[in-house]
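Let's take a walk through this structure, strand by strand and then across to the partner chain. Have the sequence and the 3D view open as you read.

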Amino acid sequence: MKNVRNIVMGEYIVTDNEYDAITTFVGSCIALYIYDQKRRITGAAHIALPTCKNGNKSEKGKYADLAIESILEIMEKKGSNIKELNIKLAGGAQIFTSSSSELFNIGRNNINAVKNILNDKGIRIVAEDLGGNYGRHITFNLNTFELIIKSTKGVMKTI
Amino acid sequence: MISEVDYIKEVLTMASIGRVESIFRMLLNDEIEYNIHFVGEVEQKDLENLFSLQSDSEIYAIYIKCESKDLNISMIYFITHEEAKKLASILLQTNINNIDEFAISALIEVGNIFLVGAFANSISNITKRNIECSIPGFSNETLRTILQYASLEQYTDNGKILVLNEILRCKNSDITLNVIFLFNTTEIKNIVNSR
């Protein structure tokens with residue numbers, strides 16, 4: 001793939017025909033891809049935390065609630081219909097383990113937050129690779145809408 | 001007025017000189033050399049470039065999160081697989097060839113003793129804040145994964161994070177521990193301004 005765009009933690013983009021692929025690397029974070037297959041518009045975010053309760057509202061890509069809202073707003077402006085959108089997700093790992101299951105569970109909280117928001121909006125998750133305790137190198141092919149995941153443990157899959 | 005970078009450097013140097021040295025002498029019967037490898041503000045995405053280790057290298061890491069009303073610190077120490085075996089062997093006084101649960105609990109305990117017992121307590125005393133520390137978390141993952149997790153809540157709206165990386169080298173056992181402290185720059189600025 002020639003034209004590849006990497007997104008870093010807390011970043012989100014919406015693109016139509018600019019790139020061939022969007023890549024990122026996630027541990028506890030969530031790589032979210034919302035795509036409109038008909039109009040070939042894709043939104044992507046590298047979500048770090050579940051909600052922007054006390055955070056800075058200008059950091060839109062950092063939080064699940066703000067990132068999803070912002071992407072949908074741009075996609076709708078570009079002509080997408082929420083009912084026709086599909087979602088692919090990856091990440092949300094529990095990187096650190098401890099004797100208390102309530103600690104270090106940002107990954108699980110991120111997964112719950114993203115799924116609840118998408119459920120409320122009625123957007124379909126067509127594929128996901130979530131949880132585990134490892135990092136993931138992610139490539140989203142904007143021509144085929146395939147999500148290629150390579151784990152830090154060497155396992156590769158396409159969803 | 002002192003900058004937030006100088007302030008962090010001063011606080012952690014004071015912590016290192018006192019308690020950390022004596023803890024390693026007691027735990028490992030070893031002398032330590034320490035040096036501050038890096039202190040400054042970096043973009044979250046550039047964090048992994050501070051280290052000589054490749055970002056895809058697998059490491060053993062112990063993570064402790066410290067919180068007070070106006071100060072959050074992520075503290076991590078990490079070591080390579082070979083060094084983890086050496087450290088666990090000294091701690092458990094037996095030859096460790098595999099990092100099993102027994103070895104992991106020894107590595108965690110070291111983290112608890114020196115990160116909380118030395119660093120967090122010193123930071124608490126110097127900053128005059130009541131700092132509460134989490135129980136330690138353990139991970140065997142890549143450096144990139146560990147750094148991404150630890151920086152999740154610390155980086156500010158400009159994407160930057162205040163980092164101090166200290167390298168502790170145990171002279172006789174030749175074990176190097178990489179210790180990383182991640183701070184929210186805004187919080188440190190506020191503390192410096194209120195002094």
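In chain A, strand β8 (residues 136-141) and strand β9 (residues 147-151) pair up antiparallel, with 5 bridges between them. Two strands count as paired if DSSP finds at least two bridges between them, and the strands (E, at least two residues) and helices (H or I, at least four) are DSSP runs numbered from the N terminus. To find your bearings on this pair, look for A:R136, whose bridge partner in β9(A) is A:S151.

Before going on, a word on ground rules: this is a predicted model, where local features need pLDDT of at least 70 and side-chain atom pairs count only at pLDDT 80 or more, while totals for chains, interfaces and linings use all residues. Residues are numbered from 1 along each chain as its sequence is written, chains are lettered from A and ligands numbered from 1 in the order in which they are written, and side-chain values use heavy atoms, with hydrogens and water left out.

Now zoom out from that pair. β8 and β9 belong to an open sheet of 5 strands in chain A, ordered β1-β3-β8-β9-β10, with mixed pairing. At its edges stand β1 (4-6) and β10 (156-158); each has a single partner strand, so one side of each is left without a neighbour in the sheet. From one strand to the next, the twist averages 20 degrees; angles here run from 0 to 180 degrees between N-to-C directions, with axes as lines fitted to C-alpha atoms, for helices over the stretch in contact (heavy atoms within 4.5 Å).

Chain A has another open sheet of 5 strands, in the order β2-β5-β4-β6-β7, again mixed. Here the edge strands are β2 (12-15) and β7 (124-130), each with a single partner, so one side of each lacks a neighbour in the sheet. The twist in this one averages 10 degrees from strand to strand. Strand β6 (residues 86-91) runs parallel to β7(A), joined to it by 6 bridges, and A:I87 has A:I125 as its bridge partner in β7(A).

What lies across β2, β4 (30-36) and β5 (41-47) of chain A? That's α1(A), running at about 165 degrees to β5(A). Within this helix (residues 64-77), A:K77 and A:E73 sit 4 residues apart, about one turn. Their side chains meet in a salt bridge at 3.8 Å, N to O, the term meaning a side-chain nitrogen of Lys or Arg within 4 Å of a carboxyl oxygen of Asp or Glu.

Finally, the partner chain. The contact takes 31 residues from chain A and 27 residues from chain B. Between them, 2 salt bridges are counted; in one of these, the side chains of A:K153 and B:E141 meet at 3.7 Å, N to O.
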